Amino acid sequence: MKIGDIMNVNATRIRASATVRQAVDVVVASQASDLMVVDEENNFVGVLSEGDLIRAALPRYEEILRDGGSLTDALETFVDNGRALAGQPIAPMVIRDPMTVGPDEALLKAAGTMISRQIRRLPVVSRGKLVGTVSRGDICRAILGG
């Protein structure tokens, strides 16, 4: 069985030129934890995860506490950081050159890699273009039924 046999061709994607606010809107609307980032010609650029978005706004609360601040102060900083990031481009947060697979690659190899590296979803790329994604759920459905 090959990746192309089970991949999701309706990958949640966003343009590389998008802002953080636009990325958040896509994450919320799609409930996707990873966004596939593409350019105007659908060339694969990288991956942006909801974790990357949170990490960008997350304050160093240990430092805030060490300097006499409270968890409430840290939360306010977190919210302020998020608001400040909203209009910023996603480009600096995009994971470029992540692991990818091709549609003709063996499903077994991808499954082993995903488990050993704790990856939940892989971009499926052919000739530089994003053609889909394959997730652990896709593999479970294909192999275990459902």
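These legends accompany close-up views of a predicted model. Residues are numbered from 1 along each chain as its sequence is written, local features need pLDDT of at least 70, and side-chain atom pairs count only at pLDDT 80 or more, while totals for chains, interfaces and linings use all residues. Side-chain values use heavy atoms, with hydrogens and water left out.

View 1. Helices (H or I, at least four residues) and strands (E, at least two) are DSSP runs, numbered from the N terminus. Arg21 is partly exposed at 45% relative accessible area, and Asp25 is partly exposed at 42%. Here buried means under 20% relative accessible area, exposed over 50%, and partly exposed in between (1.4 Å probe, protein chains only).

**View 2. Asp138 meets Arg141 in a salt bridge.** The N to O distance is 2.6 Å. Both residues belong to helix H7 (residues 136–144), three residues apart, about one turn of the helix. Asp138 is buried, with a relative accessible area of 7%, whereas Arg141 is partly exposed at 47%.

**View 3. Strands E5 and E6 form a hairpin.** E5 (residues 121–126) and E6 (residues 129–135) run antiparallel and are joined by six bridges; strands pair if DSSP finds at least two bridges between them. Look for Leu122, which stands opposite Val134 in E6. Two residues lie between the strands, and Arg127 in the turn has a positive phi of about 55 degrees.

**View 4. Helix H3 packs against helix H5.** The axes of H3 (residues 50–57) and H5 (residues 71–85) are 8 Å apart, at an angle of about 115 degrees. Axes are lines fitted to C-alpha atoms, for helices over the stretch in contact, and angles run from 0 to 180 degrees between N-to-C directions. The helices are therefore roughly perpendicular, a term that covers 65 to 115 degrees. Ile54, Ala56 and Ala57 of H3 touch Phe78, Asn81, Gly82 and Leu85 of H5, where contact means heavy atoms within 4.5 Å. These residues divide into five nonpolar, two polar and no charged. Ala, Val, Leu, Ile, Met, Phe, Trp, Tyr, Cys and Pro count as nonpolar, Asp, Glu, Lys and Arg as charged, and the others, Gly among them, as polar.

Note on methods:
Salt bridge = Lys/Arg side-chain N within 4 Å of Asp/Glu carboxyl O. Parallel < 35°, antiparallel > 145°, perpendicular 65-115°, else oblique.
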